[in-house]
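Biologist: Please take one part of this model, a contact between helices, and go through it closely. Then describe what lies around it and elsewhere in the chain.

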Amino acid sequence: MRGRTSCYACGNAITKGGEGIKIKDAIVERFKQLCTERNISYTELARLAGVTPSTVYSMLQPERRDISAVTVKKLCDGLELCIADFYDCDLFRSLPPEIE
């Protein structure tokens, strides 16, 4: 994995500024990729998942530090995607430790 800069599955960047991407950023990038692949807006993602559009848009904000597991599951359900398949991406295999 050393030297790899993008996910084999989705092509998203694994490194950011020379350091590993954080879990929150990886989750956001994965949802962005899935919306692009399915040609749906973030508002449509919210509708499919039964959450408010503000839930999705706030997740996208860089200053937001955390995303709840329940929100991730709802968004996956809205996409009819098993949560295991959501995380089956190199973005999540190469995360650095969150403990600093």
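**A helix contact and its surroundings**

Modeller: Of the 100 residues in the chain, 38% count as buried; buried means under 20% relative accessible area, exposed means over 50%, and partly exposed is in between, with a 1.4 Å probe and protein chains only. This is a predicted model, in which local features need pLDDT of at least 70 and side-chain atom pairs count only at pLDDT 80 or more, while totals for chains, interfaces and linings use all residues. Residues are numbered from 1 along each chain as its sequence is written, and side-chain values use heavy atoms, with hydrogens and water left out.

The chain has six helices and two strands, in the order β-β-α-α-α-α-α-α from the N terminus. Helices (H or I, at least four residues) and strands (E, at least two) are DSSP runs, numbered from the N terminus. Contact means heavy atoms within 4.5 Å. Among contacts between residues at least 6 apart in sequence, 59% join residues at least 24 apart.

Now the part itself. Helix α2 (residues 42-49) and helix α4 (residues 69-78) have axes that come within 7 Å and cross at roughly 95°. The axes are lines fitted to C-alpha atoms, for helices over the stretch in contact, and angles run from 0 to 180 degrees between N-to-C directions. On the α2 side the contact is made by L45, L48 and A49, and on the α4 side by K74, L75 and G78. By class these are four nonpolar, one polar and one charged residues. Here Ala, Val, Leu, Ile, Met, Phe, Trp, Tyr, Cys and Pro count as nonpolar, Asp, Glu, Lys and Arg as charged, and the others, Gly among them, as polar.

Next comes helix α3 (residues 53-60), which contains P53. P53 touches T43 and A46, not counting residues up to four places away in sequence. P53 and T43 are ten residues apart in sequence, and their C-alpha atoms are 5.2 Å apart. P53 is partly exposed, at a relative accessible area of 38%.

Most residues other than glycine have a negative phi. N39, in the loop between α1 (23-38) and α2, has a positive phi of about 55° although it is not a glycine. E80, in the loop between α4 and α5 (83-87), likewise has a positive phi, near 55°. N39 is exposed at 71% relative accessible area, and E80 is exposed at 75%.

Elsewhere, the structure holds five aromatic pairs. Rings of Phe, Tyr and Trp (its six-membered ring) pair if their centres lie within 6.5 Å; planes under 30 degrees apart count as stacked, over 60 as edge-to-face, and the rest as tilted. F86 and Y87 have ring centres 5.0 Å apart and planes at 85°, so they are edge-to-face. Y87 and F92 are also edge-to-face, with centres 4.8 Å apart and planes at 75°. Together with F31, these residues form one aromatic cluster. F86 is buried at 0%, F92 is buried at 13%, and Y87 is partly exposed at 31%.
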